[in-house]
Amino acid sequence: MGRLRKNPKAIENLSKNKNYILNPSSYKSLWNKEIFKNNNDIEIEIGSGKGIFITTKAKDNLNINYIAIDKYESILVKLIKKVTNDMNNLRVFSYDAKDLENVFEKEEISKIYLNFSDPWPKSRHDKRRLTHINFLRVYKNILKHEGLIEFKTDNLDFFNWTIEHLNEIGLDIKYVTYDLHSESIDNTMTEYEKKFSEKGTKINKLVFDLKKLK
């Protein structure tokens with residue numbers, strides 16, 4: 001199973017909000033029908049942190065369903081405080097990204113956001129990076145054929161490693177920038193992004209698809 005050891009106190013706090021899903025694997029292939037009760041696209045953020053990105057997305061795009069996912073329930077306790085009962089297009093759950101095929105059916109997801117993921121700077125830990133091919137293969141199994149992955153980080157080494165890795169495995173990069181905030185494009189910020197960009201830290205962003213992934 002992909003769940004971590006349960007934190008009873010965190011789960012108790014999370015479960016007070018109707019948007020928290022305690023057993024997400026129960027809804028594989030049923031997210032539109034039973035949870036959101038519509039046929040809108042579903043977009044997920046893996047590693048949602050305190051949640052300002054995903055809650056802002058949900059408020060600004062009522063025609064899209066969003067799911068906030070984090071490995072650590074204790075972090076989601078901070079996120080869930082931003083989720084009001086009228087946010088019908090947002091759900092939250094705790095799960096390990098490597099096991100998301102237990103939660104979503106093939107092509108059930110339209111877009112994946114990876115925002116400021118742990119860079120795992122030591123080379124021997126590269127398989128733990130959320131842009132490693134092992135994770136990408138999981139994403140491909142749940143992402144629609146035309147679906148995209150949006151990846152943001154302030155860690156230049158992690159960013160360059162990801163570009164090289166995607167090139168090595170033959171994937172198409174749709175968009176790349178080493179200074180996101182200098183460009184006139186729509187951008188929803190995370191708490192971390194806002195804090196560090198205000199200090200002058202440049203934000204890197206990639207958008208890519210998995211059509212050619214084998």
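How much space lies in the largest pocket?

## The largest pocket

The model is predicted. In the model, the largest pocket holds about 950 Å³ of space. Its lining is made of 33 residues, and those closest to the pocket centre are Gly47, Asp70, Phe116, Ser117 and Asp118.

Several secondary structure elements take part in the lining. Strand β1 (42–46), helix α4 (73–80) and helix α7 (191–197) each supply at least two residues.

Helix α5 covers residues 133–142, and its buried residues are Ile133, Phe135, Leu136, Val138, Tyr139 and Ile142. In an α-helix, residues three or four places apart point the same way because there are 3.6 residues a turn.

The buried residues of α5 pack against strands β1, β4 (109–115), β5 (143–153) and β7, and against helix α6 (156–168).

## Strand β7 at Val207

Val207 is in strand β7, which runs over residues 204–208. Is this residue buried or exposed? Val207 counts as buried, because its relative accessibility is 9%, below the 20% cut-off for that class.

Beyond its neighbours within four places in sequence, Val207 is in contact with Leu148, Ile149, Glu150, Ile173, Lys174 and Tyr175. One of these contacts, Ile173, is 34 residues away along the chain, yet the two C-alpha atoms are separated by 6.1 Å.

Strand β6 consists of residues 173–177 and includes Val176. With a relative accessibility of 39%, Val176 counts as partly exposed.

Val176 is also one of the residues of a nonpolar surface patch, which it makes with Leu156 and Tyr178. The area of this patch is about 260 Å².

## Positive phi angles

Phe116 is buried, with a relative accessible area of 17%. The residue is also among those closest to the centre of the largest pocket.

Ser29, likewise not a glycine, has a positive phi near 75°. This serine sits in the loop between α1 (8–15) and α2 (31–36). Ser29 counts as partly exposed, at 41% relative accessibility.

Definitions and conventions:
Residues are numbered from 1 along each chain as its sequence is written. This is a predicted model: local features need pLDDT of at least 70, side-chain atom pairs count only at pLDDT 80 or more; totals for chains, interfaces and linings use all residues. Side-chain values use heavy atoms; hydrogens and water are left out. Helices (H or I, at least four residues) and strands (E, at least two) are DSSP runs, numbered from the N terminus. Buried means under 20% relative accessible area, exposed over 50%, partly exposed in between (1.4 Å probe, protein chains only). Contact means heavy atoms within 4.5 Å. Patches are made of residues with over 30% relative accessible area and no salt bridge: like charges are joined within 9 Å, nonpolar side chains (Val, Leu, Ile, Met, Phe, Trp, Tyr) within 5 Å. Accessible areas come from the Shrake-Rupley method with a 1.4 Å probe; for residues, only the protein chains shown count as cover. A salt bridge is a side-chain nitrogen of Lys or Arg within 4 Å of a carboxyl oxygen of Asp or Glu. On a 1 Å grid over the protein atoms alone, a cavity is a set of points where a 1.4 Å probe fits but cannot get out, and a pocket is an open set with protein on both sides within 12 Å along at least five of seven lines; lining residues have an atom within 4 Å of a point. Grid points are joined across faces, edges and corners, and a volume is the space filled by probe spheres set on the points.
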